Amino acid sequence: MSQFSNVTIDKKANVYFEGKVTSRTIRFEDGTIKTLGIMMPGEYTFNTGDKEIMEIMSGEMEVQLPGSEEWINVVGPQNFEVAANSAFHLKVKSVSDYCCHFVK
């Protein structure tokens with residue numbers, strides 16, 4: 001899907017890691033929430049509340065998923081899933097465009 005219809009977008013940006021990761025929250029009529037954002041090269045750790053599906057639309061990174069010692073190379077377009085109530089680590093190698101899908 002290349003676009004979303006019938007949504008509300010929060011004007012205020014979500015800004016993390018001194019502006020190296022930013023996103024906007026998108027709210028759907030059914031209550032679903034997603035974020036669209038950009039990650040600059042760097043190393044980041046994110047904590048999750050809900051299960052997340054990270055859709056990497058462009059860019060390249062390594063991902064270390066919860067409970068794993070292995071780093072997985074991800075090149076957009078590609079997805080990976082992160083369990084609820086956990087943390088995951090990223091080594092972003094190039095500017096990356098992403099959509100995060102929150103799963104209740």
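Start at W71 and K91. K91 lies over the face of W71, 4.3 Å from the ring centre. This is a predicted model, so treat every value on the tour as computed from its coordinates.

Now zoom in on strand 7, residues 60-64. Four bridges join strand 7 to strand 8, and the two run antiparallel. Pick V63 and look across to strand 8. Opposite V63 stands I72.

**The cis peptide**

Follow the chain to the loop between strand 8 (72-75) and strand 9 (78-82). P77 has its place in this loop. Select G76 together with P77. The peptide bond joining G76 and P77 is cis, with omega at about 5°.

**The aromatic cluster**

Show the aromatic side chains next. How many aromatic pairs does a search of the whole structure find? The search finds seven. A pair of rings is described by the distance of the centres and the angle of the planes.

Take F17 and Y44 as one example. The ring centres of F17 and Y44 are 4.7 Å apart and the planes stand at 50°, so this pair is tilted. F17 sits in the loop between strand 2 and strand 3, while Y44 belongs to strand 5 (residues 42-47), so the pair ties together parts that are 27 residues apart in sequence. Colour both by accessibility. F17 counts as partly exposed, at 34% relative accessibility. Y44 is buried, with a relative accessible area of 4%.

Move to F46 and F88. These two rings are stacked, at 5.6 Å centre to centre with 25° between the planes. The pair links distant parts of the chain, with F46 in strand 5 and F88 in strand 10 (residues 87-92), 42 residues apart. Both F46 and F88 are buried.

Now select the whole group: Y16, F17, Y44, F46, F80 and F88. Ring pairs link these residues into a cluster.

The hairpin of strand 2 and strand 3 has four residues between the strands, and F17 is the place to check phi. F17 is not a glycine, yet its phi is positive, at about 50°. E18 is not a glycine either, and its phi is positive at about 55°. Is E18 buried or exposed? At 79% relative accessibility, E18 counts as exposed.

**Strand 3 and its partners**

Select strand 3, residues 21-28. Strand 1 (residues 7-9) pairs with strand 3 in the antiparallel sense over three bridges. In this pairing, T8 has R27 as its bridge partner. Strand 2 (residues 14-16) is also joined to strand 3 by three bridges, again antiparallel. Here V15 is partnered by T22.

Seven bridges join strand 3 to strand 4, and the two run antiparallel. Find S23, whose bridge partner in strand 4 is G37. Then trace the turn. The hairpin of strand 3 and strand 4 has four residues between the strands, and G31 takes a positive phi near 95°.

K34 lies over the face of F28, at 5.5 Å from the ring centre.

**Last stop: T25**

Select T25, which is found in strand 3. T25 is buried, with a relative accessible area of 9%. Which side chain does T25 join through a polar contact? The partner is N14, and the contact is 3.1 Å. Now display the surroundings. Leaving aside neighbours within four places in sequence, T25 is in contact with T8, I9, D10, N14, I33, K34 and T35. Two names on that list have come up before. T8 has R27 as its bridge partner in strand 3. K34 is the residue over the face of F28.

Key
Residues are numbered from 1 along each chain as its sequence is written. This is a predicted model: local features need pLDDT of at least 70, side-chain atom pairs count only at pLDDT 80 or more; totals for chains, interfaces and linings use all residues. Side-chain values use heavy atoms; hydrogens and water are left out. Two strands pair if DSSP finds at least two bridges between them. Rings of Phe, Tyr and Trp (its six-membered ring) pair if their centres lie within 6.5 Å; planes under 30 degrees apart count as stacked, over 60 as edge-to-face and the rest as tilted. Buried means under 20% relative accessible area, exposed over 50%, partly exposed in between (1.4 Å probe, protein chains only). A charge sits over a ring if NZ of Lys or CZ of Arg is within 6 Å of the ring centre and within 35 degrees of the ring normal. A polar contact is a pair of N or O atoms within 3.5 Å; within protein, one must be able to donate a hydrogen and the other to accept it, and residues adjacent in sequence count only if both atoms are side-chain atoms. Contact means heavy atoms within 4.5 Å.
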